Amino acid sequence: MVSRPMRNAPAPVYLSLAAAAALASAQWLVFVYAPVEAEMKLTQKIFYIHLPLAWWALVSFFVVFVASIAFLRGKKRHWDTLADAAAEIGVVLAGLALATGSIWAKAAWWTWWTWDPRLTTTLIMWFVYAAYLVLRGLDLPWERKAAVRAVVGIVAFLDVPLVFFATRLWNSVHPAGTMASRDGLEPEMRLAVIACLAAFGIFWLALLLLRYRLARLEERAQALRVGQQIWEELPPRPRGTGEAPPPQAPPAGA
């Protein structure tokens, strides 16, 4: 029997529980079901985390792109809030993708970093969207600041297709990551990759909704604080029952 608090819980709570179960199942597939790669051994298992991090980072930046266009069209605050939430998640996921990619590179290429086209465009993308988040500190009216951020969110997305197609546009040592048969993945490995992508997708959606709800609550709290400040700055009302003071008699001869 479901308790009353659980029945009234918001959707992100259920998504978080589903994400926990999906991630646990995906890890079983990664470490138990999928075979160990012959050359890289256990280090290859990083691939099952690295790829979902990179893919869902790109999805986050696509959400920023769409929400920024929607904001410029309608000037609705919730679109700016959604873009901001997606950018935060995207920057974190892209940073983790770069970190796990460096661990992979050390095992596969004997170096922590190489100026490969995929790695270089990903690093540029990370810096651009980190700068997008820094723009929150601009000393501008809210609507103008949100418009500036929306323009940056749209322009910044130009780097996302370059990241995705970097291995096709330039000579790259980075794997294409398409999960096609030519990638050399065993069926068990391919199933584990798909499960990880789906599990991270549920986790990503839960994070996005939770961050969006938190941001909306922060906006309401800020509005309440501003309203309280305005109320405190009003002149005091006349003492008594709270009614307006009686009008004074007109001067003599009026």
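I began with Glu 88, which counts as buried at 16% relative accessibility. The model is predicted, and I read each value below with that in mind. I found that Glu 88 forms a salt bridge with Arg 136, the closest N and O atoms being 2.5 Å apart; this pair joins helix α4 to the loop between α5 and α6, 48 residues apart. Arg 136 counts as partly exposed, because its relative accessibility is 36%.

I then turned to Arg 149, which at 3% relative accessibility counts as buried. Arg 149 forms a salt bridge with Asp 84, with the closest N and O atoms 2.8 Å apart, and since Asp 84 lies in helix α4 and Arg 149 in helix α6, the pair ties together parts that are 65 residues apart in sequence. Arg 149 also forms a salt bridge with Asp 80, where the closest N and O atoms are 3.6 Å apart.

**Cavity and loop**

I looked next at the largest cavity, which has a volume of about 30 Å³, and found Asp 80 and Arg 149 among the residues that line it.

Last, I checked Asp 116, which is buried yet has no salt bridge, the nearest side chain of opposite charge, Arg 118, being 6.2 Å away. The side chain of Asp 116 does reach the backbone nitrogen of Arg 118, at 3.0 Å.

How values were computed
Residues are numbered from 1 along each chain as its sequence is written. This is a predicted model: local features need pLDDT of at least 70, side-chain atom pairs count only at pLDDT 80 or more; totals for chains, interfaces and linings use all residues. Side-chain values use heavy atoms; hydrogens and water are left out. Buried means under 20% relative accessible area, exposed over 50%, partly exposed in between (1.4 Å probe, protein chains only). Lys and Arg count as positive and Asp and Glu as negative; His and the chain ends are not counted. A salt bridge is a side-chain nitrogen of Lys or Arg within 4 Å of a carboxyl oxygen of Asp or Glu. A polar contact is a pair of N or O atoms within 3.5 Å; within protein, one must be able to donate a hydrogen and the other to accept it, and residues adjacent in sequence count only if both atoms are side-chain atoms. On a 1 Å grid over the protein atoms alone, a cavity is a set of points where a 1.4 Å probe fits but cannot get out, and a pocket is an open set with protein on both sides within 12 Å along at least five of seven lines; lining residues have an atom within 4 Å of a point. Grid points are joined across faces, edges and corners, and a volume is the space filled by probe spheres set on the points. Helices (H or I, at least four residues) and strands (E, at least two) are DSSP runs, numbered from the N terminus.
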